[in-house]
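Biologist: I would like to go through some labels with you. Please show me the structure before we start.

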Amino acid sequence: MSSSAFLYGTLQRYSPPTWADPIRFKPTSYVKLALRPTPIHQWHLPGVPSGYQVWVKRDDMTGSVLGGNKIRKLEFLLADALERGCDSVITSGSLQSNHCRATALAARQLGLQPHLLLRWKGDMPKDLGAVGSEGNLLLDRAAGARIILTPHVRSERDTGPTQHEYATVTKTLHQMVTEYAEKLRSRGSNPYIIPVGGSNHIGSWGYIEAFRELMEEGALDSFDDIVVATGSGGTVCGLAIANYLTGLKVKLHAVCVCDTADYFYGFVDRELEQSGLKPTRDGAPLSSRDLIAIVDSYKGLGYGENTEEELVNLIDIVNKTAVPLDPVYTLKGVRGLLGELKNNPSSFSGSRILYIHTG
C-alpha cells in the first residue's frame with residue numbers, strides 16, 4: 001500500500017504553485033481530507049442548446065459525508081487552526097448547512113471540538129430537543145457539536161430578504177460568533193472562527209489549489225468556460241484569482257443561489273484587495289467584474305427554497321444523467337447554466353463548457 005494512503009487526516013506541508021507567488025498570504029500547510037483529483041466527464045444535460053458540449057467536474061466526490069467544495073476549503077482552514085494551537089472551531093450556517101456538517105465531522109476527526117451557530121426559522125424553541133435530529137443535524141449531533149440557534153433572515157418579500165436585511169442579520173451573526181468565542185476564551189478554550197461557508201482568504205486557497213488540479217487535468221486546453229454555483233463566495237473567489245494569475249485562459253461564470261451579483265462582486269473585490277494582487281497595467285484596481293460573470297436571476301424563491309417546477313427539473317436531470325444534484329446549490333447552478341446558454345449565449349467564450357459540481 002502506498003505511504004500516501006496513510007496521510008489522510010494529517011497535517012501536511014503545502015507548496016503553492018509558482019504562479020501564485022503574487023498573492024500576499026500563502027499557506028504553509030494543509031490537512032489532507034479530500035479525495036483528489038476529482039473526475040471530469042461529459043454530461044448529457046437535458047436542455048443544452050445544439051452546438052454546445054457540457055462536462056462536469058465531480059467535486060461532489062471529494063469524499064463521503066465530507067464531500068463537496070466545503071472540504072477543499074476546510075483543508076486549509078483547519079490546518080491554520082491546528083498551527084495556531086486551537087482546541088475548538090466555531091462556524092455558522094443554516095440548520096441543515098452542508099458546511100457546518102462537514103466542519104463538525106472534520107473538526108472532530110482532528111480532535112477539535114465543533115461549535116455550530118445554526119439559523120432557525122420561526123420562534124426560538126425553549127429546548128434544543130424541539131429542533132429534532134434529521135439530515136445534517138443528525139450528523140452534527142453525532143459528531144458531538146455544541147449547537148446554538150440563531151435568528152433566521154426574515155422577509156415579507158417572496159424573493160427573499162433585501163440586501164439591507166441580509167447585511168443586518170449577517171452583522172448580528174458575526175457579533176454573536178465573536179461574543180461566543182470570547183465566552184469560550186474566558187473558560188480557557190482557544191477557539192478558531194471559520195466564516196460562513198469557509199469563505200475567506202484562507203478558505204479560498206481550496207479552489208486556488210483546485211485550479212492547479214484543473215490545469216494538471218488539461219482543463220484549460222479542453223474548455224472555454226467554467227460555470228459554478230456560489231453561495232458564500234469562497235469557491236468562485238479562489239477560481240477567479242487562479243484564473244487571473246494563469247492568464248485568463250477560460251471565462252469564469254458564477255450563478256448566485258442567494259444574495260445578489262453586486263454582493264458577490266463586492267466580496268471578491270475585498271478578497272482581491274486583501275490578496276495584494278497588483279493593479280492592472282493602466283493603474284486601475286483589479287476588479288472582480290473583469291474576472292467573473294455573475295448572474296443572480298436563478299435564485300427562485302431564495303436560499304434553500306424551491307418551486308415545484310425546480311424540484312421536477314431536479315428529478316428529471318438526475319433520472320436522465322445519474323448525476324445527483326441538491327436543490328440548494330447545484331440545481332440552481334445548472335438552471336443558471338442552461339438559462340444563460342439559451343437566453344444569453346453571447347456571454348460565453350466558446351462551446352465547450354465545464355460545470356464544477358460543488359456537492
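Modeller: Here is how a few labels follow from their definitions. This is a predicted model, in which local features need pLDDT of at least 70, side-chain atom pairs count only at pLDDT 80 or more, and totals for chains, interfaces and linings use all residues. Residues are numbered from 1 along each chain as its sequence is written, and side-chain values use heavy atoms, with hydrogens and water left out.

Biologist: Why is Ser-97 called buried?

Modeller: Buried means under 20% relative accessible area (1.4 Å probe, protein chains only). Ser-97 has 7%, so Ser-97 is buried. Ser-97 sits in the loop between strand 5 (88–94) and helix 2 (98–109). An unreviewed UniProt entry annotates Ser-97 as "active site"; such annotations may be inferred rather than shown by experiment.

Biologist: What makes helix 7 and helix 8 oblique to each other?

Modeller: Their packing angle is about 50°. Angles under 35 degrees count as roughly parallel, over 145 as roughly antiparallel, 65 to 115 as roughly perpendicular and the rest as oblique. Helix 7 and helix 8 are therefore oblique. Gly-234, Val-236, Cys-237 and Ile-241 of helix 7 make the contact with Phe-267, Val-268, Glu-271 and Leu-272 of helix 8. Contact means heavy atoms within 4.5 Å.

Biologist: Why is helix 9 called roughly perpendicular to helix 10?

Modeller: The axes of helix 9 (residues 308–321) and helix 10 (residues 330–343) cross at roughly 90° and come within 10 Å. That angle makes helix 9 roughly perpendicular to helix 10. In their contact, Glu-309 is one of the residues from helix 9, and Lys-332 is one of those from helix 10.

Terms used. Axes are lines fitted to C-alpha atoms, for helices over the stretch in contact, and angles run from 0 to 180 degrees between N-to-C directions. Helices (H or I, at least four residues) and strands (E, at least two) are DSSP runs, numbered from the N terminus. Buried means under 20% relative accessible area, exposed over 50%, partly exposed in between (1.4 Å probe, protein chains only).
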